[in-house]
Amino acid sequence: PDEETGDYQSVDWICDQLEKPHDKPFFLACGIYRPHLPWYVPQKYFDAFPLDSVQLPKILQNDLDDVPEAGQKICRQNYHRHVTQAGLWKSAVQGYLASIYYADAMVGKLLKRLEQSAYADNTIVVIFSDHGWQLGEKQDWSKFALWQNVLNTVLMIKAPKESPGLE
């Protein structure tokens with residue numbers, strides 16, 4: 001269940017802080033670990049992405065032809081071959097999608113509790129991610145590349161309407 005996961009417990013602790021009275025400005029940070037490996041989340045998040053509906057990234061036979069030798073070494077770690085030979089490509093993509101869905105649910109829980117708190121109208125919220133992930137693109141399974149799907153990250157900022165400097 002969600003309640004037994006570390007990310008849920010972190011979010012729940014932050015939510016508890018939002019229920020307490022604070023007489024001075026305060027800072028809270030909540031790191032949500034998923035979708036980092038391992039992709040362990042409650043089953044309901046996997047169920048939202050049935051294996052038969054999971055779409056695999058397209059791989060071009062000559063996809064590495066435009067990549068310098070140093071970049072090709074990154075891709076030649078055989079992770080993609082191991083995943084595909086084990087027949088786990090769709091399951092791996094499903095695990096990543098389930099982990100993202102779970103992380104979104106945790107962010108949603110936190111934002112809902114903020115909205116219900118006394119601090120809803122005077123809190124700046126910043127949500128960001130550190131990197132994307134290769135799911136077989138360029139025959140790679142990692143975050144250690146400068147390709148578009150790894151560089152695409154989330155940055156969202158919500159500030160109160162009356163925030164200084166935002167007029």
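Which residues have the most contacts inside the largest nonpolar core? In this predicted model, for which local features need pLDDT of at least 70 and side-chain atom pairs count only at pLDDT 80 or more, totals for chains, interfaces and linings use all residues. Residues are numbered from 1 along each chain as its sequence is written, and side-chain values use heavy atoms, with hydrogens and water left out.

The largest nonpolar core comprises 15 residues, and Val41, Tyr45, Tyr102, Met106 and Leu110 are those with the most contacts inside it; such a core is a set of buried Ala, Val, Leu, Ile, Met, Phe, Trp, Tyr and Cys residues joined through side-chain atoms within 4.5 Å. At least two residues of this core are supplied by each of helix H1 (6–18), helix H2 (43–47) and H5, where helices (H or I, at least four residues) and strands (E, at least two) are DSSP runs numbered from the N terminus. A second, separate core of ten residues includes Trp39, Val83, Tyr96 and Trp133. When residues up to four places away in sequence are not counted, Tyr102 touches Asp2, Thr5, Asp7, Tyr8, Arg34, Val41, Pro42 and Tyr45, contact being defined as heavy atoms within 4.5 Å.

Helix H1 has 13 residues and reaches 19 Å from its first C-alpha to its last, close to the 18 Å expected at 1.5 Å a residue, the expected span being 1.5 Å times one less than the number of residues. Within H1, the residues Asp7, Tyr8, Val11, Ile14, Cys15, Gln17 and Leu18 are buried (buried means under 20% relative accessible area, exposed over 50%, and partly exposed in between, with a 1.4 Å probe and protein chains only). These buried residues of H1 pack against H5.

The structure holds seven salt bridges, each a side-chain nitrogen of Lys or Arg within 4 Å of a carboxyl oxygen of Asp or Glu. Asp12 forms one of them with Arg113, with the closest N and O atoms 3.9 Å apart; because Asp12 lies in helix H1 and Arg113 in helix H5, the pair ties together parts that are 101 residues apart in sequence. Asp12 is partly exposed, at a relative accessible area of 25%. Arg113 also meets Glu19 in a salt bridge (2.5 Å, N to O), and since Glu19 lies in the loop between H1 and H2, this pair with Arg113 of helix H5 ties together parts 94 residues apart in sequence. Glu19 counts as exposed, at 57% relative accessibility. Asp12, Asp16, Glu19, Lys109 and Arg113 are linked in a network of salt bridges.

A further salt bridge joins Asp63 to Lys138, with the closest N and O atoms 3.2 Å apart. This pair links distant parts of the chain, 75 residues apart, with Asp63 in the loop between H2 and helix H3 (69–75) and Lys138 in the loop between E1 and H6. Asp63 counts as buried at 14% relative accessibility, and Lys138 is buried with a relative accessible area of 13%.

Tyr119 is found in the loop between H5 and E1 and counts as buried at 9% relative accessibility. Leaving aside residues up to four places away in sequence, Tyr119 touches Leu18, Lys20, Pro21, His22, Phe26 and Leu114.
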